[in-house]
Amino acid sequence: MISEFTISRLVRSKLFRGEHLLRGKMKVSRSHTIPLLWSILFPAVGIGIYFLVYWNWSTLPEGIRIADEPTDSPVFVAERAHEYLRTLTSQGPRVVGSNANEVFAVDFLVNTVNSIIQEAHASNLITVDVQEASGSYFLDYKDYPITSYYRGVQNVVITLRKRDDRQFSGRYLLLNAHFDSAVTSPGAGDDGTMTVVLLEVLRQMAQHNLGLQHGVIFLLNGCEENTMQGAHGFVTGHPLAANVSAFINLDVAANGGREIMFQSAPEFPFLMENYEKFVKRPYANALAEEVFQLGLVPSFTDYETLSNVGKWPGMDIALASYGYLYHTAYDAFETISQDTLQHIGDNLLPLVMGLARSHELFNIEQFRGSPATFFDFMHLFKIYYNESITYVINLLVAVVGLGLIAGTIVMMIRMEGAKLTKILFESGITLIIQTLSIVVGAGVCVAIAAVADAANRSMSWFSTTWLLFGLYFVPFVACLVLGPWMYLRFRKLEYLHNQGRILLFLHAQCFIYIALLVTLTVGKVRSAYLFLFPVIFHSLTTILNMIVKFKLHIWVYIQLIGQIIPVFYFCSLTVTVFAVFIPMTGRGDASTNPDLMMALFSVLLTLLLVGLSVPLMVLLRKIRYFYILLGAIFLVTVILIITPIGFPFREGTSPQRYYIFHQQRNFYHQNGSIRRSHDNYFLYPQDRHTPHYLFNEVPVWRERAQPIEAECDEELYCGFPLYINRYHRQRQNSYWMTSLSQPIFPDPVNLRLLEKQDLSPTVRRFRFSIEGPTLMGFYVSPLPGHSLKAWTFSEQIPPSGTPWNGQSVHYVNYVQAKSRSAHEFYFDIEAPTTLTEEPVVLLSIHANYMYHEQYRTEEFQDLLRQMPSFAHTVAYPNYLENREF
């Protein structure tokens, strides 16, 4: 029996006015629900915000023409940079070692700089030289470490400083970009775009007296695509390297859009301070930096070399959105707009000038500090604060958020006369239901991803990104609503009606955000800032609603309006996440299901976008229509997935990538006689649908191809010449078939054993001479019980890669860019007992002919002509020579 006092309090309540009781149970009137129209209006507003954010994200400044260039101040001119790019890409791919890279590109860059020097202001001193670098270093990649050894790599090194030594500090800011390109790619985006941007930045700075305190080095390096050897050559071999204070690395993994500053030196926050101060249209956040530095992005740039080997602090800036054409033949001049160049130049030019005037570069160690939290809002402005302030802000926001949740509960108790224990119990159950809804929703999305993959329909969103909305966003939203709806439907309360109970669900979701905020903050994860948005704005709406005493319906509108700014930010984050990561799935790991990653991204982003608004859908008068709408969207999406709309790849815009090599493999006995010899084609996988789509389209592959796994126990690293050792990781998804023609090798491998010398009873030295193409790989594998003690390629012996049949495997990535003379090398092998004439080591030479398209056989050309139209194929001959010594 409910007392008259309780009835009178319910009637007077601002929060629950309109209720009445019937036989001791609460009956909710229509006034406690919200119109069905909200089920359409709410998503429509959200989608509208998303498209507004996308428009803002994709809108770039118009490129400035040469005719409109001002003369009184430095202004980046996109038209001139665009003409530089036209010339740079005119000879096709610039693969290291090719004439296009070593002669044409170097001559173009040097001549362009010389013309800039002639027009320079008299106060500026500009120099240009071509460095020819040789060296080696170790890359400690998991399972497949690399000793990178290079000869004759060319860098174009330009310096700009004040002519008067009294006005020059002796310190330099280094700007780095690479002018070489990937095989088959003209490299207009990667990294021709940043190369020509630097030329125009140099020109603008050279023509004005800018009062710079420090010099600027423009390093245009000629070998990044092959283990970042050009940057290493500068760091270890150029005399000016000792005078570098900081650097900016500029790279590209896309064709247009905005450049993102995705990592910097966290211990030198002055870099971010200058970025915030000088960059006009910022695009940077701590989340991207942490994701990249944790190795979650499968990419490496010169930043690692300049930072780890040079020990300099720096920033890594790159175009990274919608990189479907990255490292393909479609990365051509026509794909780069003047607007893209203008956007990069408008940001980079003032940043470089600001750093070249900064007092920090005199002695950067004085400005070492703690990692900063930073992010931009809609590319309009940037927010930046140091580690101490991060702790204060995050924990203060968490405390205030918890206090307001507690205050709301107290307000409920005072206004309704309910017992504290009942409200706390209800709050705890609500938190459990909300958490379970999230977990179940994530599980449903993961299950959908698994089913899509099992049905061979994974990556349906690769070219049609909006399919992700119906495939993963909609089911997760349905689960977020289902938990609260079922709980309210099957558990009735006399002291609290639905609007009050939904308020508890919103508080439960905010509590989850607060828990994540505090946990990440204590763990020193700067990406915790993401949870500031929902907590701060939910707290603000809670304060406003407490002022109006949660007036019926009014509080709902206040809650929704308060989510607008967070939705804007998280829509921007959603655009960035999918624009960066979706294209990566087309050049990743064939053994993993990419839909799992997209499902989890969708869950996280949906939770951030609508976690504090979706529970309100429970208040819909006819919620079944809401579920009918969601079900219809999901059903239509599934239907579209099995139509051509859901086919992942498109010709020319989002192609499927294939690597096909025409190979010759020769295996020798110790006495020099041939043990095995094969001519074959090798298929290296790049995505989840290799080789299925190829087998469907090209009968010869379907009929003749076989997995390479059968070879992997018989021969070192499967006995196929691989461009780089980590290709061995994909051995379970790689295929080969016999070739009727022998590949043609313009620079055949000539390996000669020059000398065999016993240094001790158990140590034998083998000295060789080798000739061959630009890029080769050496695999040195001592037989079981034996070990590698010394070699030419490094002072210390690096750890083995993935062992083969109990043998260690040491890999050398060998490049000879400009120099092609015979090269001598040695290695020393130690035996467990006194040496005999029995074999002690395997040496496998892999040679790659990456820019020799004119030497393809007719059979090879015919095989490539059969490739499907949606495919992009990297194709070249390579050679293997395997010998025992």
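**Exercise 1: the second largest pocket**

The second largest pocket holds about 1200 Å³ of space. Work out which residues sit closest to its centre, which helices each supply at least two residues of its lining, and how the lining splits by class. Keep in mind that you're looking at a predicted model.

*Solution.*

Step 1. Start in the middle: 43 residues line this pocket, and Pro43, Gly46, Ile47, Tyr50 and Phe469 are the closest to the centre.

Step 2. Now go through the helices. At least two lining residues each come from H2 (38-58), H13 (467-490), H16 (554-561), H17 (564-584), H18 (594-610) and H19 (623-641). Helix H2 gives the largest share, eleven residues.

Step 3. Sort the lining by class, and you get 34 nonpolar residues, nine polar ones and no charged ones.

**Exercise 2: strand E23 and its partners**

Take strand E23, residues 871-884. Is E23 largely enclosed or left open by the rest of the structure, and why? Then find how E12 and E22 run relative to E23.

*Solution.*

Step 1. Check burial, where a residue counts as buried under 20% relative accessible area. Twelve of the 14 residues in E23 pass that test, so the rest of the structure largely encloses this strand.

Step 2. Look at E12 (residues 656-668): twelve bridges tie E12 to E23, and the two run parallel. For a spot check, pick Tyr659, whose bridge partner in E23 is Val874.

Step 3. Turn to E22 (residues 841-848), which is joined to E23 by seven bridges, this time antiparallel. Here Ile845 stands opposite Glu881 of E23.

Note on methods:
Residues are numbered from 1 along each chain as its sequence is written. This is a predicted model: local features need pLDDT of at least 70, side-chain atom pairs count only at pLDDT 80 or more; totals for chains, interfaces and linings use all residues. Side-chain values use heavy atoms; hydrogens and water are left out. Buried means under 20% relative accessible area, exposed over 50%, partly exposed in between (1.4 Å probe, protein chains only). Helices (H or I, at least four residues) and strands (E, at least two) are DSSP runs, numbered from the N terminus. Two strands pair if DSSP finds at least two bridges between them. On a 1 Å grid over the protein atoms alone, a cavity is a set of points where a 1.4 Å probe fits but cannot get out, and a pocket is an open set with protein on both sides within 12 Å along at least five of seven lines; lining residues have an atom within 4 Å of a point. Grid points are joined across faces, edges and corners, and a volume is the space filled by probe spheres set on the points. Ala, Val, Leu, Ile, Met, Phe, Trp, Tyr, Cys and Pro count as nonpolar, Asp, Glu, Lys and Arg as charged, and the others, Gly among them, as polar.
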